[in-house]
Each structure stands twice: as structure tokens, then as C-alpha cells.
Amino acid sequence: ATSQLDQVRGERELVILSDFQSSAWNDFTLEVPADVSVVKVKLGATDVENLAVHELFASPDDPVVGQDVLMVCRLRNYSATPRRTTLYLDFDGGKQSREVEIPAWGEAEMNFKTRFSQAGQVAVSAAIAEDIFPGDDTRHALVRVREALRLTSVAPRQDSMHAPGPKVLDRLASSLDWLEHRTLPPGELPASGSTDYLFLHSWDGTGLENLQALAANGTTLLVQPALGCTLNVCEQILGLPATNRPGAIPVDTKGGNKNLGNKVGWKAGISPHASDKAPSFALFQSGEFGNPAAGIFQRRLRLPNEWPENVRRLIDYEDGIPGLLATQTTTTTAPIVLWNLPVSDTLGSWSTQSPFVPFMGELLLNHRAASKGGALEAMPGDILAWTPGEEVSPDSVALYDGQDQIRDISVEMTPQGVRLTSRAPVVPGIHQWKIGEGVAFQQVVNFPATESDLRLMDPAQLRGGEVVDTQTLLRRAELGEGIPLWPW
């Protein structure tokens, strides 16, 4: 508007007609040239009570087939009266519902436990009964369901006592339907983004920058230091400032392989420093699955007992020596686990105990990088876009909106290949790019959550200009056109 006024000479006026919704105008600063007069006219007289489906997401956000998943739904009550409603969840061919109470001006969270039976994009919708403002009564989400997760081992040298470790992980993967395992030669690292987990069975402290780059790109690192490794590099791999302790970490040895049956060695268990709500141990809280670190261990590094608060203690030996340490999960890098529990069956009996497989499964599932997602959600009014790849003919693709109606699309060439876009701006709903009857790609459009608070503000609170009502504005317009004083 101000750019249009720049083209006008003489007296200039800017008239703002709005309901002055608080969420849109509270932080707005009115900046216009000094010689432009501003008039504010409020439309709408009262606040409107509203109940909204504010948020819907999966935890974890990209599960594997068969994994327990929580669909988390948050509702908000934008009124001074407590409200009660029924929340409906529609997903993967199933439906669930819950009664929910939301306090005045408050929020309520409902969790639906489920599992997904097939890999791919799964559309999920949460809805409440339609009210006076139906735009935010439904919310959609897309969950990326993985067929399997990839674990890669970097093999130690053949003369290493950790050499049997990769074979133990082969057996682990054969016991978990959702896990795939492969082994690389000593010293070789996988390509960036090619694996979910990297297990270094005998890390000598080299290649620190390359490992950190892998973690930054979404690969969880499971790092078992080799004999001769220093505490300095272990601290650095965990993202800690290195202390002035350059010497090799001392090694403790007890018994030998022949004594495994005689239970000669150290025992370990859940660290007393571990959180009661640590998801990796949720399966073991009832005691049904026993001790996640059952068995004995005959070789370990004598790591310090004390670690900064931002390093999580998972498993400790009975004398307090850390067995598993992990970094805090962040959105910028994958977790890193410092591994001081030998999985090799020549250094302990842990991998032969019944809790080993379920604990390793829980540990891996709960130490994944945060999903970086993709262009799965758009805003109302956006143009949807999809790059299908060279194997897909653009003529075979159709875009269906939330009402299952075909929408017009455009085709353009880009350096990345053919790009398909919707011609018209989109509205809330689940939008599907189909090839024949099959769904190739999906995107969701949700009502903006910031627009659900329908409380109004006094336009006088908006600094600058004067406030007038509609009648005064119309009267001024009449006067501006002139009033005939002489009828002839």
C-alpha cells in the first residue's frame, strides 16, 4: 500500500479495514511516511470462542514397520470456559477416538499408541466436532514409515580381541526384522547418508572430523575405543573440550575366556545416573526382561567416573566405571555413544544373554538422528511441487486434493529434472500425486495454528493514526465527494 501511495501526489491517506485479530497485530509496527495520514476502522465487535486441533505429530517421527509409535495430538481452547469434546484419529486404515477436556485458555494433549504395518508415507488426520470456526477443527500429518534401519560395522583388525564383534551384530540383525547389518573393512567409512548407525569396533582415535561430519549428516555413531586410545579423543568425539590427559586410557582385565563359565568378570546394569524416563529402558522397568546388561565382562577401559551433565549415563559397571555414555539428542547432529561394553563373545557373556537383543533393539531405536523431513507440509495459498524422477512420465501423474478432485498442474524442466507444480494455490487437506490408482507422493496443508486465537485487540493499541467507525468513514467519503447546496 505504501509503495502505491508513493506514486500519488498531494494529500495521501491510508485506510486500514480489519478485525484487528490480536495474534496478527500484537507485534506489528505501523511504519508509513510522515505525510501519510492513517485511519483504522475495526470490523467485528466481539471475540469468538474457538476450539482448535493445534498440533499432530508422530514420536518417533520416522518409525519402522511394527515399531510402537505415539501419535501426539494437542488441542487448544481459546475461550474462558472449560470445554469437552471428542477427538478422532484416522490413520493407516484404522480409527480411534478419545474424550478430552481442555481447560479455559489452556491446552490438552492426547496420545494414541499404534503401529504401522507398511512402509511409505502414511497419512494421519485428527479431528474434533465442527464448531463456529471449522478451519482448525482438523489437522493432518504425514509419517514416513521405514522398512528397515541400516547398521554398518567397521571391522577391527583380525588380531584384535574385538574381531568377533561384527559377527555378533550379524546375529543381532537376524533377530530383528527391522535391522540390516553390513561390515566394512578396517579403516573404511561409509558414504555420508548411507547408513543410520555406524559401529566402530576398535576406534584408534583417527578420522575425528570425518566421523563428526557423518553424525552431522544423520548417522548415529557407536564408538568402542581401541587399546591405546586417549581420553582426549573420546572427549572430543562426544563434543566435549579435551582435558589435558593425553596418555592412553588404562585397561582393566579380569579372568579369561576359559573363565566365562565360572562368571569371572565385572557385572553392569542401568546407571543410577540414568533418567527414570529414559526410553531405552522403558521395556525393562517392569523387570520382566531382566537386566539389560546381564552377563559378565572381562575387559574394559577405565574411563573416569565423573562426566559433564550434558553426557548421559546409560550403563555403568557395579563399581561406577561407565559402560555406555551418550550425547544429548539434538536437531543438528545424530547421537554419539561411547561404548565400553565389549560385544565380542570372547570378552564377555553379554551377547549370549536373553536381554541382549531386546536391549540393543531399544537402544538403537531410541538413538536415531532426528528426521530432517522434506517438503511434506505446505501452507494454505502455497503452490505444491514435486520432482518425481526420470523414471516417471509427467503425463502419467495427476494431483488430487483433499476432496479427491483432480487439480491442474504445470510441468517445467529444472537442473534436477522434471518439476510438477499445482497451478492454483492449495487449501487445507491431504494432497496426493497419483500415477494411475497408486499414490506416489503426498503433501499436507494445514490451517495456520497462529490464526486460531480469534481474540480481537483495540486498534488504538496500534501506534499511529486515528480510529474511526464505519459510519464516520462513510460520512467522510460523502463529504469528500461534495454536497450540493443549491438544488438548481
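Trp 105 sits in the loop that runs between strand 6 (94-102) and strand 7 (107-114), where helices (H or I, at least four residues) and strands (E, at least two) are DSSP runs numbered from the N terminus. The model is predicted, so to speak of local features a pLDDT of at least 70 is needed, side-chain atom pairs count only at pLDDT 80 or more, and totals for chains, interfaces and linings use all residues. Residues are numbered from 1 along each chain as its sequence is written, and side-chain values use heavy atoms, with hydrogens and water left out.

The phi of Trp 105 is near 50°, a positive value in a residue other than glycine. With a relative accessibility of 43%, Trp 105 counts as partly exposed; buried means under 20% relative accessible area, exposed over 50%, and partly exposed in between (1.4 Å probe, protein chains only). Asp 404 also has a positive phi, near 65°, and belongs to the loop between strand 22 (397-400) and strand 23 (406-407). Its relative accessible area of 48% makes Asp 404 partly exposed. A further backbone feature is the cis peptide bond from Ser 59 to Pro 60, with omega near 0°. Pro 60 is located in the loop between strand 3 (50-59) and strand 4 (69-78). As background, most residues other than glycine have a negative phi, and most peptide bonds are trans.

Stepping back to the whole protein, the secondary structure comes to seven helices and 28 strands. The C-alpha trace spans about 125 × 55 × 50 Å along its principal axes. The radius of gyration is 31 Å, whereas a compact globule of 488 residues would have one near 23 Å; this radius is taken over C-alpha atoms, and the globule rule is 2.2 Å times the number of residues to the power 0.38. Buried residues account for 46% of the 488 residues. Of the contacts (heavy atoms within 4.5 Å) between residues at least 6 apart in sequence, 65% join residues at least 24 apart.

Just after helix 4, Gly 218 takes a positive phi of about 105°.

Leu 325, in strand 18 (residues 322-327), is buried at 0% relative accessibility. Leaving out residues up to four places away in sequence, Leu 325 touches Trp 307, Val 311, Arg 312, Arg 313, Ile 336, Val 337 and Leu 338. Its C-alpha atom is separated by 9.9 Å from that of Val 223, 102 residues apart along the chain.

The structure holds 13 aromatic pairs, in which rings of Phe, Tyr and Trp (its six-membered ring) have centres within 6.5 Å; planes under 30 degrees apart count as stacked, over 60 as edge-to-face and the rest as tilted. Phe 284 and Phe 359 form an edge-to-face pair, 6.1 Å centre to centre with 70° between the planes. This pair links distant parts of the chain, 75 residues apart, with Phe 284 in the loop between strand 15 (268-270) and strand 16 (299-301) and Phe 359 in helix 6. Both Phe 284 and Phe 359 are buried.
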